[in-house]
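This report describes a protein structure for a reader new to the subject. Please look over the sequence and the structure before reading on.

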Protein chains: 2
Amino acid sequence: MEKVREIVREGRRVAKEDPRRVVHSFKVGLVLALVSSFYYYQPLYDSFGVNAMWAVMTVVVVFEFSVGATLGKGLNRVAATLFAGGLGIGAHHLASMSGATGEPILLAIFVFVQAALSTFVRFFPRVKARYDYSLLIFILTFALISVSGFREEQVLMLTHKRISTVIIGGLSCVLISIFVCPVWAGQDLHSLLASNLEKLSFFLLGIYISLSSCFIISDLKCITFFLRLVCLSLAGFGDKYCEAVGNDDTKEVDKRKNDFDNYKSVLNSKSNEESLANFAKWEPGHGQFRFRHPWKQYLALGELIRQCAYRIHALNSYLNDDTKVSIDIKKKLREPLRRMSLESGKAMKEMSMSLKNMTKPSSCELHVQNARSACKSLTNLLNSGILKEVEPLELISLLTAISLLIDIINLTEKILESLHE
Amino acid sequence: MEKVREIVREGRRVAKEDPRRVVHSFKVGLVLALVSSFYYYQPLYDSFGVNAMWAVMTVVVVFEFSVGATLGKGLNRVAATLFAGGLGIGAHHLASMSGATGEPILLAIFVFVQAALSTFVRFFPRVKARYDYSLLIFILTFALISVSGFREEQVLMLTHKRISTVIIGGLSCVLISIFVCPVWAGQDLHSLLASNLEKLSFFLLGIYISLSSCFIISDLKCITFFLRLVCLSLAGFGDKYCEAVGNDDTKEVDKRKNDFDNYKSVLNSKSNEESLANFAKWEPGHGQFRFRHPWKQYLALGELIRQCAYRIHALNSYLNDDTKVSIDIKKKLREPLRRMSLESGKAMKEMSMSLKNMTKPSSCELHVQNARSACKSLTNLLNSGILKEVEPLELISLLTAISLLIDIINLTEKILESLHE
């Protein structure tokens with residue numbers, strides 16, 4: 001009983017995280033029920049017979065979450081079926097010319113050579129990345145058609161039926177996935193990058209606040225206060241979240257109090273971004289994106305954002321380190337460090353907003369310039385010799401943190417350049 | 001023509017990289033030719049008919065590179081087919097009780113509900129990681145059996161044939177993959193970790209050499225000399241590679257001159273390790289591994305090695321940085337730094353060897369202790385005040401490199417502990 005309740009709770013969480021998942025499940029059920037009607041209606045059954053099964057199989061295997069993935073898989077499947085069907089008929093024709101005893105032997109050799117060769121080609125890295133599925137279908141269709149042809153004499157008819165059912169199955173998947181509540185991989189990739197930028201900005205602003213007040217986050221009340229400060233520094237961005245904090249909507253606050261650790265998800269988003277970009281290539285124009293949108297540039301932008309996240313990850317471990325530098329020196333350093341994190345965080349936030357709304361970032365350049373000038377005053381401060389008295393070993397974590405923050409600002413500038421493209 | 005030659009070259013490279021790939025391709029061809037003989041031989045064809053097709057499909061889809069992956073997929077497929085077959089028969093029975101008009105409607109509803117529910121469950125993260133394939137087969141088999149039963153009255157017979165052909169196909173895959181030149185995922189995971197350790201050790205010894213001699217690698221001759229120095233420091237490990245360098249086997253040297261950048265592959269080996277560990281769980285005992293070998297510990301060890309590689313990656317960028325620290329200070333620091341990298345590199349190399357041969361690392365502890373004592377003398381040196389005259393900003397890269405090297409030694413110790421387990 002407890003187990004069932006847990007499963008229901010998990011289901012709710014999964015649905016809440018992305019309600020499109022529920023819609024997708026309904027769509028799959030719908031198409032499958034539709035395609036299986038091939039069996040119910042006499043006229044349709046008469047023309048396709050048992051081959052209607054292939055339509056059902058195609059739907060189950062091809063229907064993916066996003067339009068791009070469905071289109072890519074569908075096209076791959078149809079192309080591989082066509083190609084393998086043609087070759088299969090050829091192989092069958094060749095074999096049938098060699099008499100009753102030669103035929104099975106020749107067919108076995110064909111199947112062996114074809115399967116071994118295709119399996120080997122699947123190990124090629126470039127083929128594996130793009131056409132792994134096509135080759136699987138190729139091996140399958142070739143084996144089924146060249147061999148089953150040995151029994152049923154009308155190989156051509158069989159191949160024709162098999163291909164047309166595969167096309168019908170694939171086409172219904174593609175149509176439903178495009179016209180009923182479509183999930184565009186391109187749009188998802190776009191939003192993913194914007195939200196990644198937002199996560200980083202949130203962390204940087206968090207540093208700014210903790211540098212400003214130097215208190216320790218321990219209980220929820222404290223966190224609410226902390227979040228409110230973050231929101232103050234974000235004022236003007238019209239963030240929903242900030243409104244929630246303003247209205248003391250503890251639920252919303254509670255839900256997002258882990259936001260400061262959220263940047264960690266950016267560290268591992270590479271494979272996700274790559275597969276989304278791969279799917280997006282197949283998609284027709286949609287929303288603000290045209291067909292053949294420069295998705296490669298998104299990957300480059302994603303890489304820059306991730307580089308920034310690596311630095312933030314390292315910075316985080318040094319922030320928790322308790323340096324033995326005297327409070328006096330810390331106070332002097334605080335002002336430029338605060339400005340550096342505040343300005344880079346604001347720049348990041350604005351880039352995220354402008355990416356989301358596909359507008360030009362207006363005051364972003366200004367924020368980056370401010371961060372740069374804060375850098376300069378920090379280095380001037382350091383060169384003025386205030387650290388002369390400190391033991392070098394005790395400087396390690398402080399200096400590393402500073403160099404990481406400078407790195408982050410450099411990367412922010414690069415991200416801005418890449419956005420302009 | 002040029003294109004063909006390129007493909008052949010690529011094929012040779014893929015085969016050379018791992019000759020087991022060629023063997024695997026032959027195995028797939030063999031099993032497929034074997035299973036398709038169901039069509040040729042009258043007695044077999046009489047008992048299974050068109051259903052023999054399912055054996056062919058199972059082979060194409062289930063036969064994977066390693067034993068573990070094949071076993072896992074095969075068992076999942078058989079279990080899902082059995083379960084969905086049972087449910088499909090039940091659904092068919094229920095529907096057939098509701099009369100000629102009610103039957104297709106009820107069946108469509110069943111298919112819809114089942115497909116929608118299963119598709120939704122596939123979004124659960126834990127299900128996705130383990131049973132994604134089972135659910136796909138479940139949806140497919142249920143739809144095919146409950147619906148096709150509407151036509152062919154002998155649903156039970158059909159289900160029985162379908163399940164037995166799937167079992168035959170799966171079984172032949174599993175048997176061939178276990179008894180003909182098996183590729184064990186567990187063994188592969190084991191070797192992967194050992195070679196990752198070796199890559200790191202090679203890099204650390206490379207630092208040692210470049211600290212010892214301070215020359216720049218520019219042409220091949222120089223590299224050969226450099227590699228010979230690395231080998232000298234590895235003396236006693238009986239490395240094939242070192243023998244090659246000793247004998248001036250330029251081909252071998254040339255092939256492996258990129259070894260110093262090899263550690264980069266360790267950075268991204270996480271997903272590879274995880275899938276290998278996942279497959280290894282399914283494998284029976286083999287070689288020095290028993291069934292239910294603690295593969296989870298391998299993942300923990302892999303994570304430690306990767307953490308070490310992250311540090312090395314960061315260290316690499318600081319090594320290329322030209323510090324403005326005076327040569328005098330550099331000379332003083334060189335001795336402890338050399339010892340730190342040499343000893344940690346040797347410890348790493350020995351751990352790699354002992355992992356490979358599954359023996360206890362004997363002198364490893366000694367190397368770690370030596371590295372530790374070198375750390376101590378370095379910190380003493382730094383605390384003696386030799387850096388007092390240097391500008392703090394110019395210290396950044398030097399101090400960061402030192403702290404990274406200390407980190408690496410700490411991690412080496414942790415890896416050793418984890419090896420003892």
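## The single chain

Of the 421 residues in chain A, 53% are buried, where buried means under 20% relative accessible area with a 1.4 Å probe, protein chains only. Chain A contains 19 helices and 0 strands; helices (H or I, at least four residues) and strands (E, at least two) are DSSP runs, numbered from the N terminus. Among contacts in chain A with a separation of 6 or more, 77% join residues 24 or more positions apart, a contact being heavy atoms within 4.5 Å.

## Basis of the model

This is a predicted model, in which local features need pLDDT of at least 70 and side-chain atom pairs count only at pLDDT 80 or more, while totals for chains, interfaces and linings use all residues. Residues are numbered from 1 along each chain as its sequence is written, chains are lettered from A and ligands numbered from 1 in the order in which they are written, and side-chain values use heavy atoms, without hydrogens and water.

## How the copies are related

## The interface

In chain A, 68 residues are in contact with 66 residues of chain B. Because 97% of the interface residues of chain A are also interface residues in chain B, the copies meet through the same surface.

Technical notes. Buried means under 20% relative accessible area, exposed over 50%, partly exposed in between (1.4 Å probe, protein chains only).
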